[in-house]
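Please read this briefing with the sequence and the 3D view side by side. The points are grouped by topic and can be followed residue by residue.

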Amino acid sequence: MQTENNLFKQIDVFKNKLFRYALNMLKNELDAEDVIQELLIRIWQRKEQFDQIENKEAWCMTVTRNLCIDKIRARKQSSQDISEYHFIADHGATPDIVTEDRENLKIVMDVLNALPENQKEIIHLRDVEGYTYKEIADLTGLSEDQVKVNLFRARQRLKEKLKNFKY
Amino acid sequence: MNNLYIDQLLEKFWSAETTEQEEKELKTYFEQADIDESHAYASPFFVDFVQDKGESEDFTHLIIQKFIKKYFDATASLEEEQLIHEYFSQDDVHENLKCYHGLFRSFQLMGQVQFDKPLALKQKPASGIRIISLTWVKVAAAAVFFVVGGLFLFKSINQEQTAPLAKARYIEPENPEEALEMTLQALAMVSRKYKKGEEQLLQGMKTINNAKGAGN
């Protein structure tokens, strides 16, 4: 009989990826936490089959994505500014660097948030999580060529805005 | 060394695929005064390398510069992109690449976000009971609404259709005599119906009494 601890230990290694993915899509910490909780329920309900899943990370990412889409459709309240997250102050840098990081992150997030949702999602999966084109294509339901085209457009947009960076 | 060979070496060098021996050949080539005009652009890197920096200088920033161009064209491999990210994770970035530092540093920060809550169910769902998603509840509610609404609509249309008929059977008396006549007719009809009902009742009671007698 699978215990709750043993079951969820299997996703411990990629739980941060799942949370960041939800956070990137929902732009709200509480909503992202809700999605992770909902994911745990789904896993618990399928605890017998979960062991059989070969690529658990891919499965969990897909479920997380679907749950986020449901949540976006259902909700009406405004989203949170992701650049205000507490983690910026937690990485042990000097106050100057923290300020610089905050300013740069704000610029990047502003550019990313102005992108179409699929481009923003692809940038996150590639540049933050380091997924291959195939993995991104499988997750988003796009072809690999579509993934590359969207990535190209998103990066060109970022390049245009780079002149605003402080250095 | 012919130009074609140098072109090939440079191409390998920009892609970070040159061997130590090939890099030495490039340095030797650029140390001489008589280099081909088409290679002049690369000369400062190799001259600086030889004259100012010595043998330990690395050309990482040039390689990264090359990779960054490929990155923005979305043609860089995942490995090349990982090298870019690793390069920008350090604080000491080459002057020519500082304009990209903010972007890659931001990606790095985004990747540091962690889920610090325990991986545990807040409320364990009862086994065997499926949680019905809100979407399906909404679909069911919509279906009930349409069925009930449809019935009301059907009923009201029926009423509208029968109303003119009822109105057509209503006759307005033109004078008191006619009204009296109509009232008497109506009473007579009620009386007939009542009598008929009474006869049926008496007949029924008679049958019951007969049955009782037969039973005793």
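This is a predicted model: local features need pLDDT of at least 70, side-chain atom pairs count only at pLDDT 80 or more; totals for chains, interfaces and linings use all residues.

Over all chains, the structure holds nine aromatic pairs and 19 salt bridges.

**Confidence in chain B**

- The average pLDDT of chain B is 77, and 78% of the residues score at least 70.
- Over residues 50-57 of chain B, however, the pLDDT is below 50, and this stretch has eight contacts in the model beyond near neighbours in sequence.

**Make-up of chain B**

- Chain B contains eight helices and zero strands, so that the order of elements from the N terminus on reads α-α-α-α-α-α-α-α.
- Of the 216 residues in chain B, 24% are buried, while the chain exposes about 15,900 Å², of which carbon and sulfur atoms supply 58%.
- Among the contacts in chain B with a separation of 6 or more, 39% are made by residues 24 or more positions apart.

**Aromatic contacts in chain B**

- The ring centres of B:Tyr29 and B:Phe30 lie 5.0 Å apart with their planes at 80°, and the pair is therefore edge-to-face, since planes over 60 degrees apart are classed that way.
- B:Tyr29 has a relative accessibility of 3% and therefore counts as buried, and B:Phe30, also at 3%, counts as buried too.
- B:Phe88 and B:Phe104 form a stacked aromatic pair, with 4.9 Å from centre to centre and 15° between the planes.
- Because B:Phe88 lies in helix α5 (residues 78-88) of chain B and B:Phe104 in helix α6 (residues 98-110) of chain B, this pair ties together parts that are 16 residues apart in sequence.
- Both B:Phe88 and B:Phe104 are buried, and they belong to one aromatic cluster that also takes in B:Tyr71, B:Phe72, B:Tyr87, B:Tyr100 and B:Phe107.

**Charges over rings in chain A**

- A:Lys47 lies over the face of A:Trp44, at a distance of 4.0 Å from the ring centre.
- The charged end of A:Arg126 is placed over the ring of A:Tyr133, 4.1 Å from its centre.

**Salt bridges**

- A:Lys17 forms a salt bridge with A:Glu57, in which the closest N and O atoms are 3.2 Å apart.
- That pair links distant parts of the chain, with A:Lys17 in helix α2 (residues 15-26) of chain A and A:Glu57 in helix α5 (residues 56-74) of chain A, 40 residues apart.
- A:Lys17 has a relative accessibility of 21% and therefore counts as partly exposed, given that buried means under 20%.
- A:Arg126, the residue whose charged end sits over A:Tyr133, also meets B:Glu81 in a salt bridge with an N to O distance of 2.8 Å.
- This second pair crosses between chains, running from A:Arg126 in helix α7 (residues 117-128) of chain A to B:Glu81 in helix α5 of chain B.
- A:Asp138 and A:Lys134 meet through their side chains in a salt bridge of 2.9 Å, N to O.
- Because A:Asp138 and A:Lys134 are four residues apart in helix α8 (residues 133-140) of chain A, about one helical turn separates them.
- A:Asp138 is exposed, with a relative accessible area of 53%, whereas A:Lys134, at 47% relative accessibility, counts as partly exposed.
- Salt bridges with shared partners join A:Arg126, A:Asp127, A:Arg155 and B:Glu81 into one network.

**A buried lysine in chain A**

- A:Lys120 lies in helix α7 of chain A, and its relative accessibility of 2% means that A:Lys120 counts as buried.
- Leaving aside residues up to four places away in sequence, A:Lys120 touches A:Asn24, A:Lys27, A:Leu112, A:Asn113 and A:Leu115.
- A:Lys120 and A:Asn150 are 30 residues apart along the chain, and their C-alpha atoms are separated by 8.9 Å.

How values were computed. Residues are numbered from 1 along each chain as its sequence is written. Chains are lettered from A and ligands numbered from 1 in the order in which they are written. Side-chain values use heavy atoms; hydrogens and water are left out. pLDDT is the predictor's confidence in each residue, from 0 to 100. Contact means heavy atoms within 4.5 Å. Rings of Phe, Tyr and Trp (its six-membered ring) pair if their centres lie within 6.5 Å; planes under 30 degrees apart count as stacked, over 60 as edge-to-face and the rest as tilted. Buried means under 20% relative accessible area, exposed over 50%, partly exposed in between (1.4 Å probe, protein chains only). Helices (H or I, at least four residues) and strands (E, at least two) are DSSP runs, numbered from the N terminus. A charge sits over a ring if NZ of Lys or CZ of Arg is within 6 Å of the ring centre and within 35 degrees of the ring normal. Accessible areas come from the Shrake-Rupley method with a 1.4 Å probe; for residues, only the protein chains shown count as cover. A salt bridge is a side-chain nitrogen of Lys or Arg within 4 Å of a carboxyl oxygen of Asp or Glu.
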